Amino acid sequence: MEYFTGIQIEDIIAIRLDQGDDIIESIRKLARKLDIQTGVIVSCVATVDRAAMHYITTTGYPAENEMYELEGPIEVAALQGIIADYEPHLHCVMGIGEKTYAGHMHAGCRTLYLTEIVVHKLRGCPLQRVKNTDTGIMQLKPRL
Ligand SMILES: [Zn+2]
């Protein structure tokens, strides 16, 4: 374990996306535009008509995963994660009818009716992800 202290909220940004807007690409663009080097996505509700995610398929190293895509009227029930060095790493829970899907969000989650997101822009300990050479896992580290 490693942990990082001295982090403060610099700003709270509420975002509305409209039909056709890609959720993760919009967050990436906004992170650059508003200089959110480090941030946290604390809330998201959305409807999407396409989704792209992956789930892990291994319990050992190297970690492997499988992509999957969904289509239809999809409810995004939850989305959260950390922006480090302007790059969001987001996990989400989505539903189609009574079925629930969860995973790591990729580009391709396209807003249907609306998306509402709240992001906290953080300061005090800029973070980045660095590949662990033993495991291949990208790990949070302070940006020096
Ligand atoms: Zn992930």
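Start at Gly124, in the loop that joins strand S6 (110-123) to strand S7 (127-131). Strands here are DSSP runs of E with at least two residues, helices are runs of H or I with at least four, and both are numbered from the N terminus. The model is predicted: local features need pLDDT of at least 70, side-chain atom pairs count only at pLDDT 80 or more, and totals for chains, interfaces and linings use all residues. Residue numbers run from 1 along each chain as its sequence is written.

Is Gly124 buried or exposed? Gly124 is exposed, with 12 other C-beta atoms within 10 Å. The cut-offs are 20 or more such atoms within 10 Å for buried, 12 or fewer for exposed, and partly exposed in between, with C-beta atoms placed from the backbone. Leaving out residues up to four places away in sequence, Gly124 touches Gly6, Ile7 and Gln8. Touching, or contact, puts the two C-beta atoms, placed from the backbone, within 7 Å. Thr59 lies 65 residues from Gly124 in sequence and 34 Å away in space, C-alpha to C-alpha.

Now step back. The C-alpha trace spans about 45 × 40 × 20 Å along its principal axes. Of the 144 residues, 24% count as buried. Among contacts between residues at least 6 apart in sequence, 68% join residues at least 24 apart.

Next, the core. The largest nonpolar core holds 25 residues, and Ile23, Val76, Leu79, Cys92 and Met105 touch the most other members. Such a core is a set of buried Ala, Val, Leu, Ile, Met, Phe, Trp, Tyr and Cys residues joined through C-beta atoms within 7 Å. Helix H1 (23-33), strand S2 (38-56), strand S3 (65-84), strand S4 (87-96) and S6 each give two or more residues to this core. S2 supplies the largest share, six residues. Not counting residues up to four places away in sequence, Val76 touches Cys44, Val45, Ala46, Thr47, Val48, Cys92 and Met94.

Finally, the helix. Ile23, Ile24, Ile27, Leu30 and Ala31 are buried in H1. Seen down the axis, the buried residues of H1 fall within an arc of 125 degrees, so they line one face of the helix. That arc is taken over directions from the helix axis to the C-beta atoms. These buried residues pack against strand S1 (8-17), S2, S3, S4, strand S5 (99-105) and S6. The face turned away from the buried side of H1 carries exposed Arg32 and Lys33. Just after H1, Asp35 takes a positive phi of about 55 degrees.
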